Amino acid sequence: MEKKQFGMTAQGAATLFAITNTKGMKVLVTDFGATLVSIFVKDKNGEDTDVILGYENAAEYEKQTCYFGATVGRNCNRISDARIMIDDTQYILDANDNENNLHSGTNGLSGRIWDVKEYLEHKITLTTEDADMQQGFPGNAAVAVTYEVTEENGLKITYHATADKKTLFNFTNHSYFNLNGEGTAMDHILQIKASHYTPVKNEKAIPTGEIASVEGTPFDFRTPKRIGQDIAADNEQLRYGNGYDHNYAIDKEQAGMEVVAGVYSEKSGIRMDVSTDCIGIQLYTANFIHGQKGKGGVVYEDRDAFCLETQYFPNSINEPNFTTPLTEAGVEYHSETVYTFSLI
């Protein structure tokens, strides 16, 4: 096992932990924000390739606005007007994205130092507590996330959470992937198992409530195609987000885990498959990361990566047409996502 100092934050010192399998896959996680810092896998030439964007130390993560590698909670994505209604009680949240709440606001779990509950060669579990109303959400909450490197070259992410009041839980990991390590990611070939997506009202990215067909639109990734193939199409939805920043309604065949997306880079030969028990997945093409100075001094540009964030649909707490993300008091929230890497 390997761990080392990862710099200072306003909350104190952060630590970087390594987890590995016997095949050479290595993942770096910091206790600041339970954040994924690096995922090293072999490319077709046998070279170690770090396939996610990130920073050199915890201080950089603390001041970032892009959520590189972050564990996002209690709620990921956007909530309209930064307010929710639970059992006839209204809760006001942090309006940190225009008038809306994004990724739980400025006091989200991604900006805190977590406790390490268990650390093994291949697995680490981090925990934190969120007090009643600490982020504006009801209930004293206990949260845990486990990162596990499997012998199948998968990174398995498992979330657990409970609260003593009925509340909202909707966690995701916000890693920015580039299967070449750096440079544009728009040449990657992507497939998403979804015949519908959730259009947004305007550039503020709140869904309209419609679950629309991807047929005949740039949002159709049912057949593999390059991410950037249609990104410049004359399409109002793409103009709203300066590219893809939309949720897909997964074509679920069963309850539980299944493969919902796959990405491949011809340059590196690396393929990544995404499995999850979630009903939605957000495709974001890193449309606003220009000028971020990352690991190794690399300066990231817009569309140098993509995110595939598993989730409940955005604003589902306020949208009657979407499945609710509410969890009853004392009931455990549980979700899993696995990113599995192979060579083509």
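Modeller: Let us begin with burial: a residue is buried under 20% relative accessible area, exposed over 50%, and partly exposed in between, with a 1.4 Å probe and protein chains only. Strands (E, at least two residues) and helices (H or I, at least four) are DSSP runs, numbered from the N terminus. The model is predicted: local features need pLDDT of at least 70, side-chain atom pairs count only at pLDDT 80 or more, and totals for chains, interfaces and linings use all residues. Residues are numbered from 1 along each chain as its sequence is written, and side-chain values use heavy atoms, with hydrogens and water left out.

Biologist: How many residues of β23 are buried?

Modeller: Six of the seven are buried, so β23 is largely enclosed by the rest of the structure. S275 counts as buried because its relative accessible area is 13%. Contact means heavy atoms within 4.5 Å. Beyond its neighbours within four places in sequence, S275 is in contact with M257, E258, V259, V260, E336, T337 and V338.

Biologist: Which strands pair with β23, and in what sense?

Modeller: Two strands pair if DSSP finds at least two bridges between them. Strand β22 (residues 258-264) is antiparallel to β23, with six bridges, and E258 has T276 in β23 as its bridge partner. These two strands form a hairpin with five residues between them, and G269 in the turn has a positive phi of about 80 degrees. β29 also pairs with β23 in the antiparallel sense, over seven bridges; here R271 is bridged to S342 in β29.

Biologist: In what order do the strands of the open sheet lie?

Modeller: The order of its nine strands is β11-β12-β13-β14-β29-β23-β22-β17-β20, with antiparallel pairing. β11 (115-119) and β20 (225-226) are the edge strands, each pairing on one side only. β20 is joined to β17 by two bridges, and the two run antiparallel; R226 in β20 is the bridge partner of I189.

Biologist: How is a pair of aromatic rings described?

Modeller: A pair of aromatic rings is described by the distance of the centres and the angle of the planes. Rings of Phe, Tyr and Trp (its six-membered ring) pair if their centres lie within 6.5 Å; planes under 30 degrees apart count as stacked, over 60 as edge-to-face and the rest as tilted. By this rule there are 18 aromatic pairs. One of them is the tilted pair of F171 and Y333, at 5.4 Å centre to centre and 55 degrees between the planes. This pair links distant parts of the chain, 162 residues apart: F171 is in the loop between β15 (167-168) and β16 (172-173), and Y333 is in strand β29 (residues 333-343). Both F171 and Y333 are buried.

Biologist: What is meant by a nonpolar core?

Modeller: In soluble globular proteins, nonpolar side chains tend to be buried together. A nonpolar core is a set of buried Ala, Val, Leu, Ile, Met, Phe, Trp, Tyr and Cys residues joined through side-chain atoms within 4.5 Å. In this model the largest core has 59 residues, of which I39, Y147, I192, Y248, M272, L308 and F341 touch the most other members. Leaving aside neighbours within four places in sequence, the contacts of F341 include M25, I39, F177 and M272. Another core, of 20 residues, lies apart from the largest one and has F6, V37, C66 and A286 among its members.
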